[in-house]
Amino acid sequence: MGTSNIADKVVVITGASSGIGESTAKLLARHGAKVVLGARRKDRLDAAVKEISAAGGTAVSVAVDVTKRGEVEGLIRAAVDGFGRVDVIVNDAGIMSIAPIDALKVEEWDRMIDVNLKGLLYGVAAVLPSMQKQKQGHIINLASVFGIKVFAPGGVVYCATKSAVRALTEGLRIELHSQNIRCTMISPGAVATELPEGSSEEATRKNLREFYKAIMAIPANSIASAIAYAIEQPADVEIDEIVIRPTAQDF
Ligand code: NDP
């Protein structure tokens, strides 16, 4: 196990059943963190935990739907009960449903707001009392390059949720820095994960697959490395923001 500033930290990760979250859990565990994996697909979480444990790491999983505040509280409780504290939360769970606004996919709008925004806030609400008590903590939020630039037609509501994540993370930083709680936002471009499969129209999913291929979407591990970089800094160094995209992606 590693001896970096990541070793022995207790890190809770939402959205850890695939993509960036899963990759981050595995990378941090390799550096000696105790990782607590949350998402809805328990079988996938358990497979990741098994792999981490087999490699000598420490991990547990909790089935959690981040749109349910009580379940997010349960996730944090599991970390505190199991490991005594929470040093870092990675609010990674997110969904992306692409459609022009006049398709009026209102249920998908609701869902994106519930997961990407409210789910992230439930994570903050659940973990903050522990971090305040410890007088130390680190909140890492997954935003997106689509929180910086609006992708339209198609991505309006997704972009709105991610630009809200930007505002929230910056606001949290301003409010929490005096309590020794670091806040970091990670804004990826195209990353090769299951995310583009979240649209209801097959034609849209196909277009996104082709787009991701054309701009050479980067592996989830490249984002995990950025998250590890933010965590491994000395306690008095805060990485506020990292934007990472494929070299071939122009926006
Ligand atoms: P994936 O689809 O691979 O992972 C999304 C994760 O979120 C899954 O583990 C999923 O688990 C979880 N999730 C979705 N809904 C819920 C829910 N209601 N409760 C709990 N967990 C949930 O995509 P990525 O790894 O790419 O996405 C991770 C984050 O990165 C997201 O916030 C995304 O917006 C952001 N991002 C991704 C980019 C990309 O190109 N891939 C670019 C920019 C940002 P489960 O279904 O098991 O619950």
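User: How many disulfides are there?

Analyst: Counting a disulfide as a pair of cysteine sulfur atoms within 2.5 Å, the count comes to zero. This is a predicted model, in which local features need pLDDT of at least 70 and side-chain atom pairs count only at pLDDT 80 or more, while totals for chains, interfaces and linings use all residues. Residues are numbered from 1 along each chain as its sequence is written, and side-chain values use heavy atoms, with hydrogens and water left out.

User: Is Cys159 buried or exposed? And Cys183, buried or exposed?

Analyst: A residue is called buried under 20% relative accessible area, exposed over 50% and partly exposed in between, using a 1.4 Å probe and the protein chains only. Cys159 is buried because its relative accessible area is 2%, and Cys183 is buried because its value is 1%.

User: Ok, the ligand next. Which residues are closest to it?

Analyst: The ligand is surrounded by 31 residues, and the closest are Ile20, Arg40, Tyr158, Thr193 and Tyr212; a residue counts here if one of its heavy atoms lies within 4 Å of the ligand.

User: Which side-chain atoms lie 2.8 Å from an oxygen atom of the ligand?

Analyst: An N or O atom in the side chain of Ser18 is 2.8 Å from a ligand oxygen atom, and a polar side-chain atom of Arg41 also lies 2.8 Å from an oxygen atom of the ligand. From the backbone, an N or O atom of Asp92 lies 2.8 Å from a ligand oxygen atom. The protein covers 96% of the 870 Å² of accessible area that the ligand has on its own, with areas taken from the Shrake-Rupley method and a 1.4 Å probe, and for residues only the protein chains shown count as cover.

User: You mentioned Arg41. What does the side chain of Ser17 do with it?

Analyst: The side chains of Ser17 and Arg41 make a polar contact at 3.3 Å, a term for a pair of N or O atoms within 3.5 Å, where within protein one must be able to donate a hydrogen and the other to accept it, and residues adjacent in sequence count only if both atoms are side-chain atoms. Ser17 sits in the loop between β1 and α1 (19-30), and because its relative accessibility is 5%, Ser17 counts as buried.

User: How are those helices and strands assigned?

Analyst: They are DSSP runs numbered from the N terminus, with helices (H or I) of at least four residues and strands (E) of at least two.

User: What about α3, how far apart are its end C-alpha atoms?

Analyst: The end C-alpha atoms of α3 (residues 69-83) are 21 Å apart, which agrees with the 21 Å that its 15 residues should span at 1.5 Å a residue, since the expected span is 1.5 Å times one less than the number of residues. Its buried residues are Val72, Gly74, Leu75, Ile76 and Ala79, and what covers them includes β1 (10-14), β2 (34-39) and α4 (106-134), with contact meaning heavy atoms within 4.5 Å.

User: Last topic: what about the backbone around Pro153?

Analyst: The peptide bond from Ala152 to Pro153 is cis, with omega near 0°, and Pro153 lies in the loop between β5 and α5. Most residues other than glycine have a negative phi, and most peptide bonds are trans.

User: Which phi does Leu104 have?

Analyst: Phi of Leu104 is near 50°, a positive value in a residue other than glycine. Leu104 counts as exposed because its relative accessibility is 57%.
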